[in-house]
Amino acid sequence: MDYKIELIILPVSDVDRAKAFYADQVGFVVDHDHRVDENVRFVQLTPPGSACSIAVGEGLVDTPPGSVHGLQIVIDDADAAHAELSSRGVPVSEVQDLAWGRFVYFADPDGNQWALQQLPQRG
């Protein structure tokens with residue numbers, strides 16, 4: 001049996017601000033933005049090339065905004081990712097070189113934290 005992670009829900013305080021950050025600044029694709037009823041809004045965004053999406057919204061989770069840490073995306077080029085995100089106005093860390101890869105870090109406006117990892121060359 002295969003187990004595939006396809007959706008991660010992020011707690012945010014302002015859905016429109018989070019949607020704009022992830023779509024306009026980080027470059028995720030907006031897949032859905034639906035108000036189910038007066039208590040539930042579901043916004044799904046997907047990083048280009050990813051099989052896993054994120055969701056932000058109203059009435060989805062009861063965890064505090066900004067409480068998700070340790071999200072990680074694998075990228076091809078840490079320098080290019082740093083340059084692209086910086087040019088879009090995303091506050092990113094400098095590229096960090098570690099034995100297990102090259103990393104760039106950022107957080108969304110609520111403080112949910114991301115790591116972008118360029119895997120080390122194998123072989």
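**View 1. Strands S6 and S7 run antiparallel in this predicted model.** Strand S7, which spans residues 101-107, is joined to S6 by three bridges. Across this pairing, Gln96 stands opposite Phe103, a residue of S7.

**View 2. Four strands form an open sheet with mixed pairing.** Read across the sheet, the order of the strands is S5-S8-S7-S6. Strand S5 (71-75) and strand S6 (96-98) stand at the edges and have a single partner strand each, so one side of each remains without a neighbour in the sheet. From one strand to the next, the twist averages 30 degrees.

**View 3. Helix H2 packs on the sheet.** This helix, made up of residues 78-87, touches S5, S7 and strand S8 (113-118), and its direction makes about 20 degrees with that of S7. The buried residues of H2 are Ala78, Ala81, His82 and Leu85. Because these residues cover an arc of only 100 degrees around the axis, they lie on the same side of H2. What covers them includes helix H1 (15-26), together with S5, S7 and S8.

**View 4. The two ends of helix H2 are shown with Asp77 at the start and Gly89 just after the helix.** At the start of H2, a side-chain oxygen of Asp77 reaches to within 2.9 Å of the backbone nitrogen of Asp79. Just after H2, the backbone of Gly89 takes a positive phi of about 85 degrees.

Terms used: Residues numbered from 1 in each chain as written. Predicted model: local features only at pLDDT ≥ 70, side-chain atom pairs only at ≥ 80, totals over all residues. Heavy atoms only, no water. Pairing = 2+ DSSP bridges. Axes fitted to C-alpha atoms, helices over the stretch in contact; angles between N-to-C directions. Contact = heavy atoms within 4.5 Å. Buried < 20%, exposed > 50% of the residue type's maximum accessible area, 1.4 Å probe, protein only. Arc of directions from axis to C-beta. Polar contact = N/O pair within 3.5 Å; in protein donor to acceptor, adjacent residues only side chain to side chain.
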